[in-house]
Amino acid sequence: MDLYDQWETMEKDGKWRYTSPTHVVLAFAQALREMEAEGGIEARHKRYETNNRLLVQKMEELGIHTYIEEKYQGPIITTFFYPENCKFEFQEMYQYIKERGYAIYPGKITKADTFRIGTIGEIYPEDIEKVCQIIKEFLGGKKHE
């Protein structure tokens with residue numbers, strides 16, 4: 001859905017450009033209600049920041065360090081280096097986490113050995129705690145050099 005083109009069309013004649021995307025409009029309206037119930041943009045942003053800080057802390061406790069310095073890190077997604085002295089295949093870790101009810105980003109955007117974890121959406125501190133525990137269990141079963 002091209003929002004700008006849709007806005008222009010609505011401004012001209014008050015109609016949808018194509019068949020009305022009813023499900024999209026209803027989902028967006030629901031998302032806005034949920035955000036407002038949470039306390040608005042500021043409260044949502046604070047939750048994302050809390051999630052991110054907790055994730056970084058828990059990962060550091062596991063010896064997993066961030067790719068980006070803290071002063072540049074945003075609260076939406078964090079890239080982590082693979083843990084040192086631990087041999088594993090990312091796809092195996094991804095699947096292990098997924099089988100336990102969580103998902104992390106399946107791809108990477110660096111040439112370095114990294115992976116990413118998002119901290120937005122319907123995610124709360126207990127989810128961060130749980131996914132970090134799952135990662136700890138996974139890595140505990142891997143051979144360290």
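Trainee: How many salt bridges does a search of the whole structure find?

Mentor: Five salt bridges turn up in that search. Keep in mind that this is a predicted model.

Trainee: Which residues are linked in a network of salt bridges?

Mentor: Glu38, Arg44 and Arg47 are linked that way.

Trainee: Is arginine 47 buried or exposed?

Mentor: Buried. Its relative accessible area is 10%, and the cut-off for buried is under 20%. Glutamate 38 has 25% relative accessibility, so it counts as partly exposed.

Trainee: What about lysine 58, which residue does it form a salt bridge with?

Mentor: Glutamate 61. The closest N and O atoms are 3.7 Å apart. Both residues are in helix H3, three residues apart, so about one helical turn separates them. Glutamate 61 counts as exposed, because its relative accessibility is 52%.

Trainee: And glutamate 99, which side chain does it meet in a salt bridge?

Mentor: Arginine 100, at 3.7 Å from N to O. Glutamate 99 is exposed, with a relative accessible area of 57%. Arginine 100 is partly exposed, at 36%.

Trainee: Now arginine 116. What is the nearest side chain of opposite charge?

Mentor: Aspartate 113, and it is 13 Å away. Arginine 116 has no salt bridge, yet it is buried. A salt bridge needs nitrogen and oxygen within 4 Å.

Trainee: Where is arginine 116 placed, and what is it in contact with?

Mentor: It is in strand S2, residues 114–118. Leaving aside neighbours within four places in sequence, arginine 116 contacts Ile77, Thr78, Thr79, Ile104, Tyr105, Gly107, Lys108 and Ile109. Strand S1 covers 77–81.

Trainee: There's another arginine I marked, arginine 17. Where does it lie?

Mentor: In the loop between helix H1 (3–13) and helix H2 (22–38). With 29% relative accessibility, arginine 17 counts as partly exposed. Beyond neighbours within four places in sequence, its contacts are Asp2, Asp5, Gln6 and Thr9.

Trainee: How many residues apart are arginine 17 and glutamine 6 in sequence?

Mentor: They are 11 residues apart in sequence, and 6.2 Å apart in space, C-alpha to C-alpha.

Trainee: Changing topic. How many helices and strands does the protein chain have?

Mentor: Five helices and two strands. Along the sequence the pattern reads α-α-α-β-α-β-α.

Trainee: Which residues does methionine 59 touch?

Mentor: Ile64, Phe80, Phe115, Ile117, Cys132 and Ile135, not counting residues up to four places away in sequence.

Trainee: And the overall shape? What is the radius of gyration of the protein chain?

Mentor: It is 20 Å, whereas a compact globule of 145 residues would be near 15 Å. The C-alpha atoms fill a box of roughly 65 × 30 × 30 Å along the principal axes. Of the 145 residues, 31% count as buried.

Trainee: What share of the contacts with a separation of 6 or more is between residues 24 or more positions apart?

Mentor: That share is 61% in the protein chain.

Trainee: I also flagged asparagine 85. What is its phi?

Mentor: Positive, about 60°, although asparagine 85 is not a glycine. It is in the loop between strand S1 and H4. Asparagine 85 counts as partly exposed, at 46% relative accessibility.

Trainee: Last one. Where is confidence lowest and where is it highest?

Mentor: Lowest in H1, at a mean of 90, and highest in helix H3 (residues 41–61), at 97. The chain averages a pLDDT of 92, and 97% of the residues score at least 70.

Conventions. Residues are numbered from 1 along each chain as its sequence is written. This is a predicted model: local features need pLDDT of at least 70, side-chain atom pairs count only at pLDDT 80 or more; totals for chains, interfaces and linings use all residues. Side-chain values use heavy atoms; hydrogens and water are left out. Helices (H or I, at least four residues) and strands (E, at least two) are DSSP runs, numbered from the N terminus. Buried means under 20% relative accessible area, exposed over 50%, partly exposed in between (1.4 Å probe, protein chains only). Lys and Arg count as positive and Asp and Glu as negative; His and the chain ends are not counted. Contact means heavy atoms within 4.5 Å. pLDDT is the predictor's confidence in each residue, from 0 to 100. The radius of gyration is taken over C-alpha atoms; the globule rule is 2.2 Å times the number of residues to the power 0.38.
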